[in-house]
Structure formats: structure tokens, C-alpha cells
Amino acid sequence: MRKFKILGWTLLGILGIFILCGGIFINSLTPTYEGERQLLGLSEKVDVYYDTYGIPHIYANTEEDAFRALGFAHAQDRLWQMELLRRVGRGGLSEVFGKDLIKTDQFFLSLGIDDTTSETLSLLDMDSEMVQLSKAYLEGINQFVSKGPTPLEFYLTGLQKEPFTLRDVYNTVGYMAFSFAMAHKTDPLLTNIKDKLGPEYLKDLEINVDTSTLWIKNRKGLPVDSSENTITAMVSDALGNIALPLFEGSNSWVISPSKTKNGKVIFANDPHIGFAQPAVWYEAHVVTPTYEKYGYHMAGIPFPILGHDRQLAYGMTMFENDDVDFYFEEPHPSDSSKYRTTGGWTDYEIVSKTIKVKDSSDVSFAFRKTVHGPVLNGIADQVTGERPISMSWIYTQVENKVMHALYDMVHAANMLEFQSALTTIHAPGLNIMYGDAEGNIAWWATAKLYQIPEDVNTKLVYEPLTGMPVEKDYLDFSQNPQAINPPWNYVYSANNQPDSIAGMLYPGYYLPENRARRIVELLETKNNWDREMVAEMIMDVTSPVHPEIVDNLVKSLELKQLNSIQTKELDALVAWKGDYPLNSVEATVYTGWIYHFLKNTFADELGNELFEQVMATHFLKRLISPMAAKENSIWWDDIGTSEKVETKKEIVQKSFAQALESLEREFGSDRRNWTWNKFHTLEHGHPIGQVAIFRSLFNVGPFPVNGTREVINNMKFNFNETLRYDVLSGPSTRRIIDFSDVENSMSILPTGQSGNPFSPYYENQAEMYVKGEFRKMMMNREEIEATSKSLLTFRPTEE
């Protein structure tokens, strides 16, 4: 018995030592938020106060010292995220995740992001203030890489930490620019549909400008005088699986003083980005005697993409302009090394690249390149067939000054300086939203736009020697869509179609009017807006369009064919106001009906693969309402039945029955089990959390969430038959800046400030976010010092 006791105590002691060692190891991986550290390159000490939510408030005497401290602070919370984002553009994901990402790496290498970065770096003035601040930020990151603890993800993947360089900054910007583009998901797909079914099948897909929907109005204006007024589903799936942020859309509105209770501008913005853990934005408040900005940073980019100070605020939505073109190339009939150009037969450029692959040998590959860009056959899975297709992307064709623009934006002191900074953004296309303490409000569409001949359809792959010319006729920035201090006293963007410019409606992949209509509807009805009212509006979950869709579908139902349950649900839908709270049954029924309506309309002609690709596009969102209103369409007929021609009535009747049958089959006939919270959920996935045993450690959620696709609280999911609507993207932050009380402006992040699972700030905002709550964006130093959770002081390295 004594031996068993000794053995038991021995085992208990070993377990205790194991737990102690584990605790020490975990503690060693936790970010350092207090104490003192030496930081190489500092000229003077820097104080970093961490508030209740882990946001650093950095106080320094010089900008270089401030950005050096920012780099260290950013890295200790987000180094793993920085690592992944810098790898996308250079084709380095296979080195981390193995052979499954080889095709993704090949695609991004062929895009030319890394090659464009090389060209950009060769032209940089290394003595410019932008470069010097960027280098200071990188030095801060690299001192954490060198001296700080290694994040757990590096141990789990076996990846070694390496220093960051300017190349990484520009490659991250390149990935951001690509993630805004929609043409790679759309143009080859529409061409496939045209070739498979005929051009008449494109008519009802809403790929062109709809003159009946709400447009964003242009208005040139002047500053207020302050004395007068105090391609690829493959790529998307791959990046989604490793939880990298994919940009989807956004809302923003800025209200002028004449429509606010306190007579000052109120600014609101909620960019819609793919949900992931960590969340995309890292907040930081940076203060020097000559500079102050409360900003939202992307991992590895020194200057905030969103920001505000006491004088001005800015944010962004996606412009959705078409900046990618695809071309069929005509190969030489007897010499496969040549293709036809306007100047005759020309040799393909052959580009060779090598990809490092985890647990495998390197993979070398080569692709062809034309005057338009890379030939995607064999690289992008959506590009099939023998005809070579090349891709032209504006980001790789114009001198890249995006980092200069970001630097100038964060240093602008007024609206004119801010507007001047925007002129050098060539890609991605952005709607930049602006408001300031002087009472100015503005919206600018920023991108390098160009004249498009009337006979060119930018939504299809161009036939050889047709389409957009290589040398484009670029428009001056003054011709871009914009509105400055308009007489209707607000500006907004919801990714919808902007008004005409340069005598044309600029083509793009604009989203439907749903959110825009609701925003305008709410803004128009009040002239006493305050911060709390805007906070309620940014959480709005009502669609003005969905009840109209119901009304149009109901007209096609044969009511006598409905059973009692179907009749009851139809009555509820007819009375529904189009809102999506957690307890709504109508939201669940409507969503199922729309899915079956779309599938029964399009899947028979397209087949499953093309149908799923269509379901991932922006034009799918645009066509739902028009198709519900159409009586006649070539798509109504089911080509699988040769003995009859189906009508809209049959499609609608069948779809409504299927929606309710699937709910009864899976959840029973008691409609109390059909509430929206049981179907519509959000889980913030981490790349390592895709492995089941690590899910609970790294992932955050799931949570039931209100909202849906294309309402103001925009929660995107994929329609499907499973009735499980896992939310994929939505508001990446919600920001409200009130210039009547700027120090009490509000924000929230989807999960937390830190990407380190052992940090207390990893997920401490997640429940607040789903409840629609906010926290203060603190700017008052006295308040910050009095309420801060910790102080981390950086001092110059001793000689």
C-alpha cells in the first residue's frame, strides 16, 4: 500500500511540475503590457498606456520614436497576422501550410504583386519622411521579432521568425488592393455563361447599370468657412480557410452640422470585411507634440487606414469600380511561343518562379505573360479551356504611391490637404469619407479611372485585339465621383452605383441599393441627430427591399394550393417589415424561400459548379429583387423537362413549399423552433483553429447574431440547403465620431485588440460586439493615465 502511495505522490508531483512548466511557458508567450524595455533607435523615452481594452496610447516627443514604439506594440499583439499577410503577395503561404496552398501561391505570384513591389522600391526616395517613419515602425517590429516571445502559432507550424522589410509593407498593401477587386470572380464566369447558354441568358443577370436604383449623387463644393460655421473562387476559398481578411463592402455616412442636435459633424463608418481571428484592425492612439491620430491599422502597415483626431475624421468603403480586365489572346497557328498584338506576332514573356513548400521540396513553375498581363490558364482554376486568357490589373500598371497617400492623409490638417493626398491612390478603388470640426463633410471615389469606349463591355473577356487598349486615357482626379458639402447635408456610401462622370456611368461591381435606400430613408427623416441615434442606426437590421420582394413573389403564388402551415407563414411574411432580430421566424422563412427561388431558377441551366460561382458574386445580390418582379425571363423554364415550359408561377410555388418542408423536416412543425438565432451564427475562425483540437483555444464564438445580407448591420453568409447560415463577413469595426464631443467618440472591434490567445484582450469585446454595444475611443491624456490598466515605458538603449 505504501508503494502505491509513493507512486501516487510521485505521479502527482510530476503532474504538478508539468502544470507549473506549462504555466510558465504560457506566461512567457503573453504580451508585455507593463514595465520598462529598452528599444534600439529611440532618442527619448516613450510611454505607452494600455486602456481597459488593450488599446495602446503612445506618447513620444518625436514621430519616429512614436512609430518605433507602435511597431513593437503592434507586433507583440499581431505578429502572426503580420506574418500571414506579408506572405500572400509573394506566394509564401505553402511554406506555412503545405502543398494545399500551392495553387494559391502560384496565382498571387502570377498577379505580379511582388514584382510590382520591386519596381516601387527601386523608385522610392529612401530619405523621405514616409520611408523614414515606415522604417522606424519596421524597426519596432523587428526588435520584437528579435527579443520578444515567439507566438504559439510559430511553434505549432514550425515556422522561424524573420525580420520585416519595406517589401513586406508593400506586398501587404498589394494584397489589400487585390482583395477589393471583384472582376476575377465575375468576368470569366459571365463569359462562361455566355458561351455555354448564349448571350440572351445574360440579360436578366443585372450586370449593367440599373437606372431605376438609388445612385450616390455627385456634388462639387468648397470648404466651409470656419468663421461662418463653428477570379477566383479557388483563391477566396483558400484564403477564407486560413482566416485571412477578405474585403467585401462597407457603410459610411457623415452628417453635416445643420442636421445634428449639437451643430457639429457626426461621422459613422463600418467597413465590411471577412471575419477572422484576430480581427483585421489594430487600434492605436499616437501622440507627439506635432502629431496626433487615433487610428485603425492593418497588420504590417505603419499608417492607419481609418482614423481621426480632434480636427478631422476619415474612413472608407469599397468603390467597387472595375479595375481588372480579361483578354482572350490569339496564339500563333504554328508557333506556340507567340501571340498576336496590334503590332503583329509577339513572343510571350516567360516568367519563372519558385515556391517553398512545407514538408516537401520546392516547386518551380513558369507562366506566360502578354502586354496585358499574366496568362491565367493553368494558374486560376476558373479559367478553363484552350484559349489563353490574360489579366490586366491597374494596380500593377501605374506607379504605386499608395503609401505616400496614406502618409499625407494622416498628416493632413484640413480638408484641402486631405483631398490633395487622395489624388495619388490608383488602386484599390475606395470611397473615402470625411468630416471635420469646421463643419465640412465630403466623399471622394479614389482610383485611377479612365475613359471606356461605348462599344466595350468590361464585364466579359475581350476577344483578341478588342476591348480596353493597353494605353489608357486616364481621367484627372477632379472628374472622379465626389460630393463636398452638398445641400442635402449628408454624404454616404453603401457600395452602390455612383452618379455619372465624364459623360458616362462608370462600370463596376456595385452592390444593390438595399443598404443605400435604408441609409437615405433614415437620414432624410431627422434633423436632430446625435451620437446615440447614430449608434442605433449603425445596428439597423431592416431591409426596405425584402418586403417588396415578398409582395412580388406572392403575386405568383396559387393560394388555393397552400396547406394550413404554408398559409399561416405566408400571412406572417406579408405583414413582415423586413427586419432580422434574433427572434424573427419570418427572416428564416424568407431566406429559405429566396435560396430555393434562386436554385430553381438558375441551377438547371448553369449546373452545380457555375451556380455556386454565381452565388458568390455581387451581381447575384443585385438580381434578386428584379427577378422577383419579372414575369417573363428565359431562366424560368426548367431545361431538365422537355415536355413543358415552366413559368415563374411554378418556380415561386415550388420554392415556397420547399423552404417550409425543409424547416419542418429539420426542426419540426412548431414555428417557435424556427427563430433566426438558431440559423444565423458567427464564429471568428483562426488559421490554427481550423484544426479541431485547437478550435476552442483559438476560435472565438459561435454567437447567434442579428442582421443579414445587405442591411445596414450587414452580415454576409452563403445561401445553402443546410439552413445553417454561418456568417462570413460583416462590420470589421463600428466607429462613431461626434465633433461636438470628440473625446467621447465610440467604437468596437469584433473580438479584441490582441491576436495572442493568452492575452486578456484576445476576445474581451466579442460579446459587446454582437450585442451592438460600444466603448469609448479615449483621447484625453489625463483620463487615459487615470484609468489605464498598465504602463509600458520604452527607453533608449544604453550605450
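## Aromatic pairs

Two rings of Phe, Tyr or Trp form a pair if their centres lie within 6.5 Å. In this predicted model, the structure holds 42 aromatic pairs. One of them joins Y294 and Y296, whose ring centres are 6.4 Å apart, with 45 degrees between the planes; this pair is tilted. Y294 and Y296 are both buried.

A further pair is formed by F717 and F719, with 5.8 Å between the ring centres. Planes over 60 degrees apart count as edge-to-face, and the planes of F717 and F719 stand at 75 degrees, so this pair is edge-to-face. F717 is buried, with a relative accessible area of 1%. F719 also counts as buried, at 11% relative accessibility.

## An aromatic cluster

F717 and F719 belong to one aromatic cluster, together with W576, Y580, Y590, W676 and Y725.

## Charges over rings

Two arginine residues lie over phenylalanine rings. The charged end of R86 sits over the ring of F164, at 3.6 Å from the ring centre. R387 lies over the face of F328, and here the distance to the ring centre is 3.8 Å.

## Packing of helices 11 and 12

Helix 11 spans residues 402-411 and helix 12 spans residues 415-422; their axes are 8 Å apart and meet at an angle of about 175 degrees. Angles over 145 degrees count as roughly antiparallel, and therefore helix 11 is roughly antiparallel to helix 12.

Helix 11 contributes A405, D408, M409 and H411 to the contact, while helix 12 contributes E417, F418, A421 and L422. By class, this contact has five nonpolar, one polar and two charged residues.

Definitions and conventions:
Residues are numbered from 1 along each chain as its sequence is written. This is a predicted model: local features need pLDDT of at least 70, side-chain atom pairs count only at pLDDT 80 or more; totals for chains, interfaces and linings use all residues. Side-chain values use heavy atoms; hydrogens and water are left out. Rings of Phe, Tyr and Trp (its six-membered ring) pair if their centres lie within 6.5 Å; planes under 30 degrees apart count as stacked, over 60 as edge-to-face and the rest as tilted. Buried means under 20% relative accessible area, exposed over 50%, partly exposed in between (1.4 Å probe, protein chains only). A charge sits over a ring if NZ of Lys or CZ of Arg is within 6 Å of the ring centre and within 35 degrees of the ring normal. Axes are lines fitted to C-alpha atoms, for helices over the stretch in contact, and angles run from 0 to 180 degrees between N-to-C directions. Helices (H or I, at least four residues) and strands (E, at least two) are DSSP runs, numbered from the N terminus. Angles under 35 degrees count as roughly parallel, over 145 as roughly antiparallel, 65 to 115 as roughly perpendicular and the rest as oblique. Contact means heavy atoms within 4.5 Å. Ala, Val, Leu, Ile, Met, Phe, Trp, Tyr, Cys and Pro count as nonpolar, Asp, Glu, Lys and Arg as charged, and the others, Gly among them, as polar.
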